[in-house]
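My entries follow the structure shown below.

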Amino acid sequence: MRQSKKAERPDWDEYFLKMAYLVAERSTCLRHHVGAVIVRKKHILTTGYNGAASGVKDCLKLGCLRNERGIKSGERHEICRAIHAEQNAIIQAGLHGIDVSGSTIYCTHSPCILCAKMIANAKIKKFITSGKYSDESFKALFKEVGIAYNIIYSPRLTIKHLD
């Protein structure tokens, strides 16, 4: 007789953050693989990863302009071909008529200031991450507009499969 294993279930924050890491695997950026998942009431609304605009050649095909020009992480965002994960998740909501106000965004990295502004205007209320991006100017904006910001432990990035 086979003894059953007790499965350890991730809590909700770990669960959704782990999904953000899975979404990040679609990234076409050569510097950072970033994923975002927007959730409200334990339901996924949208996802996004960092990569070039739809229909445009990406850095996997063309190389990284920022690397070629020696631009540091967190600076000169306009040089990059990629749209950030948080931006893509918000754009997907707009394309599909999904209201993200009052939601939580789970992201593999903390946001740049441009993403933070979009998150504020989308009325997202909470940002949860386990990773840091080099730009920390978002913190003052989040505080001013009342967006909760939590850094949690990195999720287990293995998938348990019980036969």
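Entry 1, the model. I noted that this is a predicted model, in which local features need pLDDT of at least 70, side-chain atom pairs count only at pLDDT 80 or more, and totals for chains, interfaces and linings use all residues. Residues are numbered from 1 along each chain as its sequence is written, and side-chain values use heavy atoms, with hydrogens and water left out.

I looked up Tyr149 and found it partly exposed, at 21% relative accessibility. Buried means under 20% relative accessible area, exposed means over 50%, and partly exposed lies in between (1.4 Å probe, protein chains only). Phe138, at 1%, is buried.

I counted rings of Phe, Tyr and Trp (its six-membered ring) as a pair if their centres lie within 6.5 Å; planes under 30 degrees apart are stacked, over 60 edge-to-face, and the rest tilted. The count is 9 aromatic pairs. One of them joins Phe138 and Tyr149 edge-to-face, at 4.9 Å centre to centre and 65° between the planes. Phe138 lies in helix α6 (residues 138-145) and Tyr149 in strand β7 (residues 148-151), so this pair ties together parts 11 residues apart in sequence. Helices (H or I, at least four residues) and strands (E, at least two) are DSSP runs, numbered from the N terminus. I also found Trp12, Tyr15, Phe16 and Tyr106 linked into a cluster by ring pairs.

Most residues other than glycine have a negative phi. Lys42, however, has a positive phi of about 65°, and I located Lys42 in the loop between β1 (35-40) and β2 (43-49). Lys123 also has a positive phi, near 65°. Lys123 sits in the loop between α5 (113-121) and β6 (126-129) and is partly exposed, at 47%.
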